[in-house]
Protein chains: 4
Amino acid sequence: MSKKKVNVGLIGYQFMGKAHSNAYRQVGHFFDLPVDVVMHTICGRNEQAVTKAAQQFGWQNVETDWRKVIENPEIDVIDVSTPGNTHAEIAIAAAKAGKAVFCEKPIGNTLEEAEAMLKAVQEAGVPHAVFHNYRKAPAVALAKRMIAEGKLGTIYHFRATYLQDWIADPNFPLVWRLQKEVAGSGTHGDINAHIIDLGRHLVGELDEVCGLLHTFIKQRPLAGAINDKLGAEATDQMGEVTVDDAAMFLAKFKNGALGTFEASRFAVGRKNYNRFEINGSKGSVVFNLERMNELEYYNNDDPEGEHGFRLIQATDASHPYAGQFWPVAHIIGYGETFINLLADAFTNMANGTRIEPDFVDGYENQRVLDAVERSSETRSWVSL
Amino acid sequence: MSKKKVNVGLIGYQFMGKAHSNAYRQVGHFFDLPVDVVMHTICGRNEQAVTKAAQQFGWQNVETDWRKVIENPEIDVIDVSTPGNTHAEIAIAAAKAGKAVFCEKPIGNTLEEAEAMLKAVQEAGVPHAVFHNYRKAPAVALAKRMIAEGKLGTIYHFRATYLQDWIADPNFPLVWRLQKEVAGSGTHGDINAHIIDLGRHLVGELDEVCGLLHTFIKQRPLAGAINDKLGAEATDQMGEVTVDDAAMFLAKFKNGALGTFEASRFAVGRKNYNRFEINGSKGSVVFNLERMNELEYYNNDDPEGEHGFRLIQATDASHPYAGQFWPVAHIIGYGETFINLLADAFTNMANGTRIEPDFVDGYENQRVLDAVERSSETRSWVSL
Amino acid sequence: MSKKKVNVGLIGYQFMGKAHSNAYRQVGHFFDLPVDVVMHTICGRNEQAVTKAAQQFGWQNVETDWRKVIENPEIDVIDVSTPGNTHAEIAIAAAKAGKAVFCEKPIGNTLEEAEAMLKAVQEAGVPHAVFHNYRKAPAVALAKRMIAEGKLGTIYHFRATYLQDWIADPNFPLVWRLQKEVAGSGTHGDINAHIIDLGRHLVGELDEVCGLLHTFIKQRPLAGAINDKLGAEATDQMGEVTVDDAAMFLAKFKNGALGTFEASRFAVGRKNYNRFEINGSKGSVVFNLERMNELEYYNNDDPEGEHGFRLIQATDASHPYAGQFWPVAHIIGYGETFINLLADAFTNMANGTRIEPDFVDGYENQRVLDAVERSSETRSWVSL
Amino acid sequence: MSKKKVNVGLIGYQFMGKAHSNAYRQVGHFFDLPVDVVMHTICGRNEQAVTKAAQQFGWQNVETDWRKVIENPEIDVIDVSTPGNTHAEIAIAAAKAGKAVFCEKPIGNTLEEAEAMLKAVQEAGVPHAVFHNYRKAPAVALAKRMIAEGKLGTIYHFRATYLQDWIADPNFPLVWRLQKEVAGSGTHGDINAHIIDLGRHLVGELDEVCGLLHTFIKQRPLAGAINDKLGAEATDQMGEVTVDDAAMFLAKFKNGALGTFEASRFAVGRKNYNRFEINGSKGSVVFNLERMNELEYYNNDDPEGEHGFRLIQATDASHPYAGQFWPVAHIIGYGETFINLLADAFTNMANGTRIEPDFVDGYENQRVLDAVERSSETRSWVSL
């Protein structure tokens, strides 16, 4: 009668730790899952901070050494939400310990890391997932369903931008996200990775790419004390920015569609402008994360004189995920995208079916990231 | 082979004079009319100013006495574009002289004037038109067509606002439009009249109304020298505002629909926000003059999961009037609404069919304006 | 060191029960509250259903008799989320038992009930709150702050609509919300109540009103088995609709502003269109619940040529409540409005300060609802 | 007292002929020009059709041989509005005959043609203009002014798309615009040329580009009888499409800004979606031709908590060109962009100052078009 428990250990407790914790806490209250999700242990190096996080986020236990979490036989799932340079080591160890591994994106800082991680989970035969959460917004899932049903016909264009502006100020300090050895890359791995995932998810695999990574501000003040936003105080000393500020590329998909991708942290006024438009022979869709409950849809088969982009409020019981939450047009938020992702992941795990997106997706994403970087270096097209 | 000429005499040369002149000049170039429209004579009291207007607008002759225009046997149409307090006298004289009469709205300053004007044109058997030009925006005409075709089903709601802000500043001077003896009323007759016409045109006749006319700023500086915007310089002396700043009312239509109407010159930030929404049992439409090439349309019969307001760009050859101008989505502007109105008017005149809107519409409009004013005074519902 | 516990008993477990439960569960994870909120007991008459709700929503205990919840000495707060005809009895009993009372809106089905309820909580000296949750959307709270700071200057207009369409189909059955003896009123008490609260909150008390309540469909099929949406299956027998389908009124506020309010369940295509616009001498704001993370703002003091309505994404740390959740432009949803309301309520309770909105607000709201009903009956203006 | 006459000869009478004619007819009625513009002669090979066009558009004389128009000593300005493969010959001949030359874009079908044309007008010392009319939309001119005033600071990004869908149907026939020998190129020269011009105009010269031209549908039915839309009837025989269906490229501007450009005729649902966004260190602007009276503007210096994109209605007397037409928020349309261009052109001609845009702009535009084509062929970056 009572469900099987699944104990989760979360490594990391910053922004993603907060978002993931919320999802573990909520998922069983909105979805009728086959298992009971237990927030077993949260792990971070700073004991005081992680203890506070455990209280705030609702975790039962605290740990400061991630290896102990992995070794704990009670724990079933390891969630890797640390900075990118530690993903591979933790995820591979977790896989070897026989744990399911749920990892933040991009899964590694390099293609080699991603490949090793994928190999590790496949060899261990453990479930694996990657947090490309935007797939799970109801409006995006609706777009996916419509494309799968053929409602857009042959896809001609995928056009995506992910625009932010939080480092447009040259005096913004050199936080870890601007250092290649920690973050792997800048805008490219952080937010281009998201629209690459959406492109792969909705249109298919890429065939070749040609891109440009660019750094507008090459020196910044070194970071001092951490503050409560995304960063830290600026100090008097300067250091070198080693990641890209903007990343853009042209692409051909294997199915013949064309793609444009552009990510920037220098688009002043744009905060979280993850927008894509897909044009097919039968219709088009447009999504914008800042209005994530809406999907614009153009149906080329509408009667003459009545054509137009429709503003679908993807909050209806007929839309993916939406019926689990509130009545139509009572919107959900960013946090719910993680809830939906976990609902799928725990269901797939219990059923023994593939989780989507998983490390295969994480690896393929990294192949694209890597190809674009090489293209930017060689100033030419790169095949995938 | 050559077409019959129709000679027009325009009385008035301010804002409406400019808009009407543009339409007379352009109508034959965009529509294949049964007649040749000739811009024969423009008339104004200030000879120098009207001479300049004639040159600027393209009129062949100038006159300073409107009676002479009416007496001129060459002239076929008298266009009355003067302030409201002179409409009745000019229009009635023109009708008696056997001229077609095209009059700005509202046709009179009082219901009595409107009734006398209607009687005059009917007794004279002359063609008559009133410049409710917004009916002739392609998007509005499309809404009308869709309603006529039953696409909205039974109409439940008409909800209209016409919002401006040009007198929200208490120091804006007491121009003629704020004086009852010249303008007849304020916001009510000026812009409420427009949305009343749209309501009548699109939904049908009103049955009863309950409204409120209100003046926020009861004293203003007297107007000095006329300036080039809507008004004049402020002087040191104060005078009493004798018209309404805002006018709003509830309504029942004879067909059972409910209506709300609100007009204001105190809606800071709104410049020309003439917006209506119509909700019927099968669908809804929304129009906003500031985006006058668009019509939002909701079709309740769309498939489940695909409902949404569509943004129809009413610029397609399949839409009313639009095919006369540019290719789809190459928009037209305010000026073209008058062109469309004149195209209809000259065509109806030539065919001997009723022009729409005409003095019957002008009179019915005034009946509503009058009923709302009485309702505001008696603080109760008034039947029409 | 550990915080004081506050034990909550929730009466009711339908839509509002779900929304309130989510908020009790989440509030301590996003806000640093002075107390620990404990989800002690949920109560409903159907034991099986309420037991399932307890599991789904996270309540510790189940009860089928609301009197037992009130008598339970462990419980500190009674949350009244039942249909309107039972509010007064439960809330008054709870107050007499010395419990804090948090009640859904409108607090009673009649003005007499509301008055008795207010009297009860005041005489008992217990904390009281009413769930006008839309006040707590960050964008609305931002509008409130801007008005309080004088950024809109003198308020001239409040213009609100709350539009839905879920009973536009004449075959939709006669559910309890369409029966006066249970629901008190229809659209008026259900959703007009919300925009009345926003008007009072943002602009001030109303002075007089003139309105119309209307029922488009006077007979509907009787309701059969309850289904999972808002209602029930239609049967073959017909019954009389005893509440309004639409409710609209004009208003004068005590501070001289004018108001228009319109609520309907027959606005086909509108799902949860709770929209208001406020025009003041220095600027304007616009809010739409369907895009609840946004506030449009027009600043009349912007430089010439640069005026325009700004789309403020009210998701920044500088905006009310928003900093508790996600980074800027990572939006929140409907559920969070209740979290914010409870965060305020528990903080005020702990501090011994007034909760806003409380039963005074609930009572004043009901006075307006009542005045509009009387106005609709007498077909004239009614003073408050 | 009377102004000098400028006699115009227009070569071509299709879509552009209509748009240019309207502008010649109207320009003197909205602008106080230093000259009188006379619509002297219209020229086309089909005598019947051009005679009809002359009547419809308001030209005084008709000619079937363009050389006779150029030889006519009365004519001062030659307007070249024919298909691209005839521009060079006509324009060069006109320049040699000492006429001012106003030419449609792109000025030639190849870079060589453009260069020869520029050389011809420069050697002849005649005034020259190219119809990049979108520069002259008030909203675009406002963006230009704001950038010139430094309001956007250092420009980081220019992001432009020009999307249409009129050939997305594979059965659309092989009209002249799809044949390289007549049209020069497809989407690239037709609409990419427009956003290249806007990029150059607003941000500055390009430094290097990397692009892709692509043809989705490589065979189409041969075109039969010309119809009244953009094309012709489809026949049973197939022919090869020799131009691009879509053209996209990445760019670096000489001032360090990054650019993305994408043009397509396969973006189903997009009719005339010429949209750009410019992000600078101090702010951003967004323009969309389908709402060409609006400019979105984000000011990074707005007070904390009040940031947001403003919807400027660029229809105010303070905005470029707008004051010549109607009061604020009474919008203008596509046709008026040509009027504004001619107003500038005739004024510059009379003053002896440079017309903008002129053949230098046309030539620089073609250099970019050419570089992108070469980049597409060589699959690498090309410097300008």
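Chain C and chain D meet in a contact to which chain C gives 17 residues and chain D gives 17 residues. The structure is a predicted model. Between them, the two chains bury about 1,200 Å², and 41% of this area lies on carbon and sulfur atoms. Three residues, C:Gly305, C:Glu306 and C:Arg310, account for 45% of the area that chain C buries against chain D, which is more than any other three residues supply.

The table below lists values for this contact.

| Item between chain C and chain D | Value |
|---|---|
| Buried area | about 1,200 Å² |
| Salt bridges | four salt bridges |
| Polar contacts | 10 residue pairs, both at pLDDT 80 or more |

On chain C, two elements each give two or more residues to the side that touches chain D: helix H6 (138-148) and strand S16 (309-313). The largest share, five residues, comes from S16(C). By residue type, the side of chain C that touches chain D divides into six nonpolar, six polar and five charged residues.

One salt bridge involves C:Glu306, whose side chain meets that of D:Lys151 at 2.2 Å, N to O. C:Glu306 is also one of the three residues named above for their share of the area that chain C buries against chain D.

The strands also pair across the contact. S16(C) is joined by three bridges to strand S16 of chain D (residues 309-313), and the two strands run antiparallel. Within this pairing, C:Arg310 stands opposite D:Arg310 in S16(D).

Definitions and conventions
Residues are numbered from 1 along each chain as its sequence is written. Chains are lettered from A and ligands numbered from 1 in the order in which they are written. This is a predicted model: local features need pLDDT of at least 70, side-chain atom pairs count only at pLDDT 80 or more; totals for chains, interfaces and linings use all residues. Side-chain values use heavy atoms; hydrogens and water are left out. Contact means heavy atoms within 4.5 Å. Buried area is the accessible area (1.4 Å probe) that two parts lose on being put together, summed over both. A polar contact is a pair of N or O atoms within 3.5 Å; within protein, one must be able to donate a hydrogen and the other to accept it, and residues adjacent in sequence count only if both atoms are side-chain atoms. Helices (H or I, at least four residues) and strands (E, at least two) are DSSP runs, numbered from the N terminus. Ala, Val, Leu, Ile, Met, Phe, Trp, Tyr, Cys and Pro count as nonpolar, Asp, Glu, Lys and Arg as charged, and the others, Gly among them, as polar. Two strands pair if DSSP finds at least two bridges between them.
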